[in-house]
Amino acid sequence: MVAPALSLATPLPDRRPTVGTRASRLVLPVFTGFAVLFLFLPIAVMIGFSFNDPAGRQNITWQGFTLENYLTVWGRPDITGPMVTSLTVAAAATLVSTILGTLIGMALTRYDFRGRDGLNLLIFIPLATPEIILGASLLSMFVSLDVQRDIVTIVIAHVMFNISYVVVTVRARIAGFNRSLEEAAMDLGANEWTTFRKVTFPLIFPGILAAALLAFALSIDDYVITSFVAGRDITFPLWVFGVSRLGVPPEVNVLGTLIFVVALAFIAVQVWSQRRGISVTPGSAR
Amino acid sequence: MPRRWRWLIPYLFLIPGGLWLLAFFVVPMLVMASVSLQEGSLGTGYALTWNFGVYPEMIQQWAPQFARSLWYALVVTVVTLAIGYPMAYTIAFRGGRFKSILLLLVILPFFTAYIIRTLSWKLILADNGFLFGTLKDGGILDEGFRIIATPLAVISGLTYNFLPFMVLPLYVALEKIDPKLVEAATDLYASRVQAFLRVTLPLSMPGVFAGSLLTFIPSIGDFINSEILGSRATTMIGQIIQRLFLNNNAYPEASALGFMLMAAVLGLVFVYARVVGADQLTR
């Protein structure tokens with residue numbers, strides 16, 4: 001009851017800006033909330049329809065809740081087979097590209113050498129090339145050389161497009177690295193190998209881990225490049241696209257949901273461990 | 001290792017990865033260049049005839065699809081920037097302790113296969129799907145209302161799929177800005193709008209640059225969204241290249257088109273870099 005009296009006593013021009021500012025302060029968070037919902041909507045649909053009990057082949061209208069798809073999926077080798085291929089490709093491509101990319105990242109950040117600009121360009125241009133060109137040019141080469149296309153060619157292609165991403169990620173981590181820690185280790189009598197093992201590697205490891213996670217995600221997700229270099233062996237995205245015309249069975253949503261949950265758990269653990277890292281050294285938060 | 005061989009160390013580090021990129025990126029590009037100038041068929045084999053004529057021929061034949069891809073990619077870049085900038089700004093300056101959670105929400109789509117995401121999007125936009133079907137049954141929407149198979153469907157799919165690529169670099173750029181700079185501007189009697197336009201926006205340009213590239217480049221070459229969400233009237237150049245390569249085995253024509261797409265993209269990237277004044281291209 002005091003408020004109206006106050007507002008009468010206070011001149012209007014003074015109040016208006018506060019009300020306006022207060023409303024405008026809400027605009028951005030509300031907008032961001034809707035945008036995040038927009039991003040989450042298709043995933044919610046995927047998860048929702050993994051519990052659907054469709055009548056025919058088409059899993060597009062809601063028929064009723066069931067958990068059966070989570071059991072039947074394991075008896076569908078036509079779905080789990082490509083998934084195993086995808087996981088194998090992603091694991092192999094992640095391992096190779098993380099090693100090769102980390103080495104390049106170290107060379108670029110810790111040494112001066114001739115041909116540095118050329119190397120930078122060689123890393124950058126694949127990132128600036130549409131995936132379809134990367135796939136098409138590899139196919140041109142494989143066809144010209146009469147190379148049998150199978151899981152090996154898929155891994156080759158995935159390593160190729162992952163290297164640049166690994167270099168960029170690892171380099172960002174090494175760039176913020178304090179060289180005096182290594183010097184201290186050397187001063188205390190450690191040789192180069194021991195210094196690397198005990199000081200350098202543990203410090204850049206979070207960067208390497210982030211790069212490996214990124215490489216794995218990019219690899220398991222890839223459709224465009226894989227569609228060009230795959231022959232006998234097909235990956236999960238290729239299989240899903242192949243059946244999408246006829247209707248995607250709910251088991252696909254089940255596998256999609258499971259991957260999503262596992263990935264989410266992985267990232268949650270990473271975020272949590274990073275938070276702990278930050279709380280140990282408050283100054284390095286920024 | 002003896003001291004005089006030390007200069008070799010960086011080369012030992014970069015040679016394995018460098019060779020991989022050389023063998024599976026640079027060489028294939030050269031092969032594709034050569035294939036584009038060949039003539040022949042899969043049965044009789046191909047011969048290099050320096051047939052440069054294929055380039056103008058392909059441009060003439062597929063100009064509408066080329067122009068459409070360029071147009072869609074530009075629209076997608078502008079729309080993702082319009083959605084992504086306020087998002088990144090809010091997360092960076094107003095996120096507080098929810099910053100990492102909000103960022104996690106932004107990259108959530110990455111944890112689902114691109115194909116499945118796009119198929120889900122199709123389900124959402126479907127004429128008689130759970131969304132529009134229900135709205136039509138309720139009489140809220142006209143029976144003839146349709147989004148799927150229109151340019152709007154393709155652009156919305158691309159926008160959805162590439163929005164995180166815009167938000168992340170923008171966030172990184174905005175997060176680096178010292179709030180004291182904005183404070184200083186307002187202390188010196190700049191209005192909030194002026195402070196944003198003269199301080200925050202220019203400082204966030206590297207993020208705008210990186211984000212635009214990361215959405216524009218995959219959009220212009222994309223063929224999934226148009227294939228799944230579009231129709232014949234939304235055919236993009238990526239679909240043509242893919243069909244010529246994989247269905248028609250028309251390798252020279254497909255290679256020529258691929259090369260022109262690559263040239264167009266690199267050309268635009270460098271022009272854009274000049275305009276924005278980004279010298280961080282190769283850094």
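**Helix packing, burial and chain contacts**

Biologist: At what angle do helix α5 (residues 116-127) of chain A and α7(A) pack?

Modeller: This is a predicted model, in which local features need pLDDT of at least 70 and side-chain atom pairs count only at pLDDT 80 or more, while totals for chains, interfaces and linings use all residues. Helices (H or I, at least four residues) and strands (E, at least two) are DSSP runs numbered from the N terminus. Axes are lines fitted to C-alpha atoms, for helices over the stretch in contact, and angles run from 0 to 180 degrees between N-to-C directions. For α5(A) and α7(A), the axes are 9 Å apart and the angle is about 115 degrees.

Biologist: Does α5(A) pass α7(A) in a left-handed or a right-handed crossing?

Modeller: Residues are numbered from 1 along each chain as its sequence is written, and chains are lettered from A and ligands numbered from 1 in the order in which they are written. A crossing is left-handed if the near helix is turned anticlockwise from the far one by less than a right angle, and right-handed if clockwise. The crossing of α5(A) and α7(A) is left-handed.

Biologist: How many nonpolar, polar and charged residues has the contact of α5(A) with α7(A)?

Modeller: Ile123(A), Pro126(A) and Leu127(A) of α5(A) meet Phe161(A), Ser164(A) and Val167(A) of α7(A), two residues being in contact if their C-beta atoms, placed from the backbone, lie within 7 Å. Ala, Val, Leu, Ile, Met, Phe, Trp, Tyr, Cys and Pro count as nonpolar, Asp, Glu, Lys and Arg as charged, and the others, Gly among them, as polar. By these classes the contact holds five nonpolar, one polar and no charged residues.

Biologist: Is Val167(A) buried or exposed?

Modeller: Val167(A) lies in helix α7 (residues 151-175) of chain A. A residue is buried if 20 or more other C-beta atoms lie within 10 Å of its own, exposed if 12 or fewer, and partly exposed in between, with C-beta atoms placed from the backbone. Because 31 other C-beta atoms lie within 10 Å, Val167(A) is buried.

Biologist: Which residues does Val167(A) touch, not counting residues up to four places away in sequence?

Modeller: Phe124(A), 43 residues apart from Val167(A) along the chain, has its C-alpha atom 9.8 Å from that of Val167(A). With residues up to four places away left out, Val167(A) touches Gly101(A), Ile104(A), Gly105(A) and Ile123(A).

Biologist: Is α6(A) roughly parallel or antiparallel to α11(B)?

Modeller: Helix α6 (residues 131-144) of chain A and helix α11 (residues 237-246) of chain B pack at about 15 degrees, with their axes 11 Å apart. Angles under 35 degrees count as roughly parallel, over 145 as roughly antiparallel, 65 to 115 as roughly perpendicular and the rest as oblique. The angle therefore makes the pair roughly parallel.

Biologist: Which residues of α11(B) make the contact with α6(A)?

Modeller: α6(A) passes α11(B) in a left-handed crossing. Ile132(A), Ala136(A) and Leu139(A) of α6(A) contact Gly238(B), Ile241(B), Gln242(B) and Phe245(B).

Biologist: Is α8(A) roughly parallel or antiparallel to α9(A)?

Modeller: Helix α8 (residues 179-187) and helix α9 (residues 192-221) of chain A pack at an angle of about 165 degrees, with axes 10 Å apart. This angle is why α8(A) and α9(A) are roughly antiparallel.

Biologist: Where do the buried residues of α11(A) lie around the axis?

Modeller: In helix α11 (residues 236-243) of chain A, Phe236(A), Pro237(A), Val240(A) and Phe241(A) are buried. The arc is that of the directions from the helix axis to the C-beta atoms. Because these residues cover an arc of only 130 degrees, they lie on the same side of α11(A).

Biologist: Is Asp146(A) buried or exposed?

Modeller: Asp146(A) is in the loop between α6 and α7 of chain A. Although not a glycine, Asp146(A) has a positive phi of about 60 degrees. Because 6 C-beta neighbours lie inside 10 Å, Asp146(A) counts as exposed.

Biologist: Which helix gives the largest share of the side of chain B that touches chain A?

Modeller: In chain B, 72 residues are in contact with 68 residues of chain A. That side of chain B divides into 57 nonpolar, 13 polar and two charged residues. The largest share, 18 residues, comes from helix α1 (residues 9-36) of chain B.
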